[in-house]
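These are my notebook entries on a structure that I am looking at for the first time. I set down what I looked up and what I found.

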Amino acid sequence: MVDPYRLPEGVSPVRYELTLLPDLDAAAFSGTCDTLLEVAAPVSELSCNALELEIDAAWATTAAGERVELAGIALDAEAERATFRFDPPLAPGRVTLHTEFRGVLNDKLRGFYRSTFVDTEGVEQVIATTQFEATDARRAFPCWDEPAHKAVFAVTLVVDEDLFAVSNAAELSRTPSAEHPGRHVVRFADTMPMSTYLVAFVVGPLEATEPVDVDGTPLRVVYPRGKGHLTAYALEVGAFCLRHFADYYGIAYPGDKLDLVAVPDFAFGAMENLGCVTFREILLLVDPASTTQAELLNVTDVINHELAHMWFGDLVTMKWWNGIWLNEAFATFMEMHATDAFRPDWQRWVSFGLARSAAFDTDALSSTRPVEYPVVSPADAEGMFDILTYEKGAAVVRMLEQYLGEDEFREGIRQYLADNAHGNTETTDLWDAIEDATGEPVRRIMDSWIFQGGFPLVTVDLVGDGGTVRLSQQRFGYAGDMGEGATEGVEPVGEEDGPTWAVPVIFSQRSTRDGVVTFEKVLLDQRSMDVGLVEPVEWLLVNTEGTGFYRVRYAPDLLAALVAHAQSDLSPIQRYGLVDDVWAGVLAGDMTAHDFLHLVEQFADETDLSVWQRMLAGLTALDRLVEGDARESLRRRVRALVRPALERLGDEPADDDSDRDRALRGVLFEALGVLGADPDAHARARVLLDAGALDPDPALVAAAVNIVAASGTADDFDHFVARMRVAATPQEELRYLGALADFPDPELMRRLLAMSITDEVRTQNAPLLLRRALTNRDNGELAWFFVADEWETINSRFPSNSIARLLEGVRSLSKPSVAPEVFVFFEDHEVPQGDKILAQHLERLEVNVALRARESDALTAELLRRH
C-alpha cells in the first residue's frame with residue numbers, strides 16, 4: 001500500500017543551496033533552492049514536500065550540466081506535496097532540482113513566521129524566524145521533509161542592511177546586494193548532513209553577545225535589542241553544558257558554532273536546531289537576582305535539554321517520527337544529568353520526582369499509549385510531543401542507567417553515537433549498543449516498557465517467618481477510569497493474566513540486629529517472585545532512591561515501619577515516593593482521602609522542598625472536595641501543618657540558606673496564604689508587593705503574587721496588568737500574567753478571558769493562561785464555557801500544538817454542574833493533532849469525578865467531626 005504521507009523511495013537529497021529574501025514589512029518571503037539529488041533509477045516524477053508555497057518556476061540539471069524542462073507541476077495541499085513531472089524521464093545519477101517560490105510569513109508560529117516585540121523606545125519591531133519540527137520545513141522551501149533524508153544545507157539570506165541574520169552554520173560573508181539595493185547578502189557555511197526539521201534562520205533587529213570560546217566552539221546569545229543585560233546566565237550554562245556533554249559522549253560538539261537565540265513568539269519551549277537553538281525569551285533571558293529557584297532551574301534545564309540534542313537527535317537522528325520519543329526522552333534525561341553536575345545543591349534527581357509523578361498520572365489511564373507507537377501523518381507526529389515522550393521516557397532511561405550502573409550505561413551511549421554518527425537509527429539500535437557494552441538483556445527489559453502502555457504496581461509483603469520478601473506486579477490504574485479510550489498496546493487494569501514488565505527492582509533493608517542498611521538488585525520479570533532475606537529487617541524499602549518507574553504498595557505493617565523511620569532513615573526522594581504512592585492509592589480507591597491527610601500530618605517535621613510540594617499538591621486536591629465549615633476545618637489543619645515548618649525556616653532568608661531552602665520558604669508561604677487562607681500571610685504578601693519593599697527574596701515575591709491574586713480585588717487586577725506590561729524580565733511578566741487567572745471575582749475572570757483572545761496576550765502564552773483559568777477553584781466553570789463558546793477562535797488563533805495543552809485544565813472540572821458538559825462537548829469537537837492527549841484529559845476528569853463522588857462526603861464528615 002502507498003503511504004500518502006511518505007515520499008516515494010529512490011530519490012535522496014544530498015545538498016540544498018537555499019537563498020531566501022524575507023520582507024518583514026509585507027510579511028512575505030521569496031526564495032530559490034538548488035537541491036542536489038541522488039536518483040537510484042529512471043524517474044518521470046520528483047516528489048517532495050511543499051505546503052503554503054507558490055512555486056513560480058522549476059527545472060532540473062543533469063550531472064553533465066544539461067538543463068531539463070518540466071512537463072508539469074502538481075501541488076497537493078492535502079498530502080503536503082509538490083510533484084515535478086519530466087518527459088522523458090530523468091536518468092539515474094545526480095540531478096539538481098532548481099525551484100523558485102514565494103510564501104507568507106505567517107502568524108501561526110510554525111514554518112517561516114513573523115514575531116514581534118516592543119523595543120526600549122516603545123516601538124513595535126518585527127523579526128522573521130523558523131520552527132520546523134515536526135513537519136514544517138515544507139512551509140519555507142520545497143524539500144524532502146522526512147528525518148531520514150539528511151543533507152548538507154548552504155543557506156544565504158538577503159536581508160535589509162540594518163537587520164541581523166543568523167542560521168545553523170557560521171557566517172562566511174556579508175556584502176551589499178547589487179540586485180537588491182538596501183539589502184545585504186549574508187552567506188553561511190555548509191552544515192553537517194542533517195534533517196530538514198533542524199534547519200533554522202532568524203532575521204530582525206537583533207543583537208548578539210561577544211562570542212565565548214568553548215574548547216574551540218564560539219558560543220553566543222542572540223537577543224532582541226535592549227535585552228543584552230539578561231544574557232550572562234545563559235552563556236554560563238551553555239559553556240558548562242557544552243563541555244559536560246562533549247566529555248560524557250566522548251565526541252566533540254558537531255557544529256562549527258553555537259548561537260542561543262531568544263525569540264519573542266515561540267510555540268514550543270525551545271528547539272534544537274543545530275548551531276542555532278531557538279528559545280522562548282523566558283527560557284533564555286534571565287536576571288538571576290530577581291528570579292526564583294524554580295524559574296532559574298527551568299532556564300537551566302531547557303538550555304541543557306537543547307544542547308543534549310546536538311549529539312542525541314542532531315548528530316544521530318531517528319529514521320521516522322515514531323522514534324522521536326527517544327530523542328526527547330534521552331535529552332530530558334541528559335538535561336537533568338547536566339543540571340545536577342552544574343548545581344549539585346539543587347538536587348535535580350529529587351525534584352524530578354514531580355515530573356515523574358505527572359507521567360505516572362497519565363500512564364495510569366486506559367487511554368495512555370505505548371511510549372513508541374506507529375506514526376503516520378503530520379498530526380500523529382505533532383501528538384508525540386507529550387508527557388509520555390518526555391517524562392516517562394526519561395524516567396525509564398534513568399531506571400535503566402541506575403540498574404546497569406552509570407559507567408556501563410555511558411559506554412553503551414558512546415558506542416551508539418560513534419557507530420551511528422551522521423546517520424539515522426531505530427530505537428532498538430540503542431538498546432543493542434548498550435547490551436553489547438554491558439552484557440545485560442537490555443532489549444528484553446526495555447521492550448516491555450516502550451512497546452506497551454502503563455506501568456506496574458509492585459506489591460511488597462513478608463511471607464513465611466518473615467525471612468522472605470514477596471514481590472508481585474500488576475498493572476496500576478485509577479478507580480473511576482471507564483476505560484473507554486483504551487489504546488492499542490494498553491491492557492486493562494486488574495486482569496489476572498494482564499501485562500507484566502521486566503522490572504529492575506532496587507530495594508534496601510535495615511537490619512534489626514546491627515542497624516546496617518544493605519541494598520539488593522533483582523529483575524522482577526514474572527508475575528511474582530520471592531527473595532530471601534539474610535536476616536530480620538526493621539524496615540524494607542522497594543524502589544530505593546526512586547529510580548524505578550513503578551508504584552509500590554506495602555503490607556500495612558511494612559508501610560507503618562517506613563513512615564515511622566521516614567525522617568531519620570530515608571532520603572528526600574524516598575520520602576517523596578512514600579507520599580506519592582499513598583496519594584496514588586487514594587486515586588486508585590485503595591486508600592481514603594483521610595488516610596492521606598493522616599499521613600501528611602505524620603510528616604509535619606518534613607524539611608525537603610519536593611516532599612512538601614507533593615504533600616501540598618494532594619492537600620490542594622482535597623480542598624476541592626469540601627465546602628463551608630469542612631473547608632475551614634481543612635484550612636486550620638493546613639495552617640497547623642505549614643506554619644511551624646515556615647517558622648523553623650524563618651520568615652526571611654538567612655545567609656546560609658541553600659537555594660532549595662529559599663524555594664521551600666516561598667512554597668510554604670504561598671500554601672499558608674492560599675490553601676490555609678491565613679490573614680497574616682495575606683497582609684505580608686501585600687507588603688512584599690509594595691513598590692517600596694527593599695530587595696525582597698524572589699521566592700517570597702512570587703508567592704506573594706499568587707497569595708494576593710487568590711483574594712484579589714479589581715484594583716489588584718489592574719495593578720497586576722500594569723506590572724505585567726512594564727515587567728523588567730520575561731519571568732516577571734509571566735508571573736503577573738499567570739496570576740490573573742487565579743482571581744476569585746467572576747467579573748475579573750471575564751476580563752481575563754476576553755484578554756486571552758486579543759493582542760493583549762501573546763498567542764504563545766494565551767493557551768497556558770486559559771489552562772490555568774480552567775483550574776480556578778471558583779471560576780473554572782466560567783472559563784470552560786468561554787472556551788466552548790470561543791472554540792473556533794481559539795483553534796484559529798493559537799498554535800495547533802497548544803490546544804491539547806490548554807485542555808489539560810479540564811481535568812479539574814469535576815463538579816456535577818460542569819463535568820457532563822465537558823464530556824458532551826467533545827463528542828463532536830476534535831483535536832486532531834492531540835486526540836490521544838485529549839482522551840487522557842477526559843479520562844483523568846472521570847477519575848476526579850469518581851474521587852469527588854467517593855470521598856467528598858466522608859472527608860467532609862471527618863473534617864466536621866474535628867471542627
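**Entry 1: the model.** I note at the outset that this is a predicted model.

**Entry 2: S472.** I looked up where S472 sits, and I found it in strand 25, which spans residues 468-475. Is S472 buried or exposed? Its relative accessible area is 19%. I therefore record S472 as buried, since that value falls under the 20% cut-off. I next asked which side chain makes a polar contact with that of S472. The partner is S528, and the contact spans 3.1 Å. I then listed the contacts of S472, setting aside neighbours within four places in sequence. They are L457, V458 and T459, together with L524, R527 and S528.

**Entry 3: helix 21.** I turned to helix 21, residues 746-756, and asked which of its residues are buried. I noted L748, M749, L752, L753, M755 and S756. Viewed down the helix axis, these buried residues fall within an arc of 160 degrees, so they line one face of helix 21. Last, I inspected the start of helix 21. There, a side-chain oxygen of D745 comes to within 2.8 Å of the backbone nitrogen of E747.

**Entry 4: cysteines.** How many disulfides does the structure hold? I recorded 0. C33 counts as buried, with 0% relative accessibility. For C241, the closest cysteine sulfur is in C276, at 17 Å, and this is again too far for a bond. C241 also has a relative accessibility of 0% and counts as buried.

Entry 5: I traced an open sheet of 3 strands in the order 3-7-6, with antiparallel pairing. Which strands stand at the edges of this sheet? They are strand 3 (43-49) and strand 6 (72-76); each has a single partner strand, so one side of each is left without a neighbour in the sheet. From one strand to the next, the twist averages 20 degrees. I followed the pairing of strand 3 with strand 7 (residues 81-90), which is antiparallel and extends over 6 bridges. Within this pairing I looked up L46, and its bridge partner in strand 7 is F84.

Entry 6: I traced another open sheet of 3 strands, ordered 27-26-29 and paired in the antiparallel sense. Strand 27 (517-524) and strand 29 (537-542) stand at its edges, and because each has a single partner strand, one side of each lacks a neighbour in the sheet. The twist here averages 20 degrees from one strand to the next. I found 8 bridges between strand 26 (residues 503-511) and strand 27, which run antiparallel. Finally, I asked which helix lies across strand 26 and strand 27. It is helix 6 (residues 387-404), which runs at about 120 degrees to strand 27.

Conventions
Residues numbered from 1 in each chain as written. Predicted model: local features only at pLDDT ≥ 70, side-chain atom pairs only at ≥ 80, totals over all residues. Heavy atoms only, no water. Helix = DSSP H or I, 4+ residues; strand = E, 2+ residues; numbered from the N terminus. Buried < 20%, exposed > 50% of the residue type's maximum accessible area, 1.4 Å probe, protein only. Polar contact = N/O pair within 3.5 Å; in protein donor to acceptor, adjacent residues only side chain to side chain. Contact = heavy atoms within 4.5 Å. Arc of directions from axis to C-beta. Disulfide = S-S within 2.5 Å. Pairing = 2+ DSSP bridges. Axes fitted to C-alpha atoms, helices over the stretch in contact; angles between N-to-C directions.
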